[in-house]
Amino acid sequence: MGAVGSLRVYVSADMEGVAGVVSPRQAGVEGDEYRAACALMVGEVNAAVEAALQAGASLVVVNDGHGNMRNLAPAALHKEARLISGEFKPLSMMEGVGGGFDAALLIGYHSRAGSPGVIDHTYSGRTVLDVKLNGRPVGETGINAGVAGFFGVPVVMVSGDSVVAAEARELLGPVETAVVKEPAGRLAASSLSPARAQEEIRAAVARALSPGGALGRVKPLVFPAPVTVEVSFMTTAMADSACLIPGVEAVAPRQVRFTGGDYLTAFRCLRAMITLAYVTIPS
Ligand SMILES: [Zn+2]
């Protein structure tokens, strides 16, 4: 795997970790601020695609992983990339990663719920307080690296703020990171310019995919089976609704647990729990 010319690269793209994005208003789903943020997002994604191609990638697939998953304007995407977009996708932010890739890149990522990063959250800012996998606290970087790891794909590069970069290094060891902003609070940051952020991303992808780079050194993140997922919700009603799923048990009034025979089973249950929890939010 991974010989130059046959390298297959997967890109999962989020928006909250993009340089200049500091508010949920920018992150969607309508208005001038949102449209501007979409342009910033595709700029960072294209920088990663370009660097992957320069490193010898024969295939680059981009999965739009944010919100309604239709943020990357097809017309603005790099000519050589394929785009996975739209809902409903069984593997969500990692749809398509099972397609025999050598490496995964996480672009525009944010830190886990409860961390001091910009727009910190874990899959759902309106329902989830905390997620643990096999006892380990994880955010989207960990959860999604676990999906990639299930298919034998290492996450070799992550971009976002300095907090998600540290989270990624703690989880994945010698992963490359591109820090495009410094948090100044949950909804504020000091960001690089878009052009400079894109340079940082290009450089980090180039380092990651170069001989002796992270691609050869980062192992796929594998959570040993059986995999236990523990979720703390914001309200007891959310935990109660999650307990409707067979096999999910309450461990505290707002906390539930599920053990799956393999990682994907635990991941699917996590997604089902979050989907059910939404039903309890008063409209
Ligand atoms: Zn997002």
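Are Glu16 and His66 buried or exposed? Both residues are buried (under 20% relative accessible area, with exposed over 50% and partly exposed in between; 1.4 Å probe, protein chains only). The model is predicted, with local features requiring pLDDT of at least 70 and side-chain atom pairs pLDDT 80 or more, while totals for chains, interfaces and linings use all residues. Residues are numbered from 1 along each chain as its sequence is written, and side-chain values use heavy atoms, without hydrogens and water.

**View 1. Donors of the zinc ion.** Asp14 (OD), Glu16 (OE), Glu16 (OE) and His66 (ND1) are the protein donors, 2.0 to 2.7 Å from the zinc ion (donors are N, O and S atoms within 2.8 Å of the metal, or 3.2 Å for Na, K and Ca; water is not among the atoms, so sites may look incomplete). The donor residues follow the spacing D-x1-E-x49-H. Glu16, in the loop between β1 (7-13) and α1 (32-54), and His66, in the loop between β2 (57-64) and β3 (81-84), are 50 residues apart and link distant parts of the chain (helices are DSSP runs of H or I, at least four residues, and strands of E, at least two, numbered from the N terminus).

View 2. Helix α2 (residues 140-150) is largely enclosed by the rest of the structure, because 10 of its 11 residues are buried. Among the buried residues are Glu140, Ile143, Asn144 and Val147. The elements covering the buried residues of α2 include β4 (103-109), β7 (155-161) and α7 (263-278). Gly152, with a positive phi near 80 degrees, follows α2.

How values were computed: Contact = heavy atoms within 4.5 Å.
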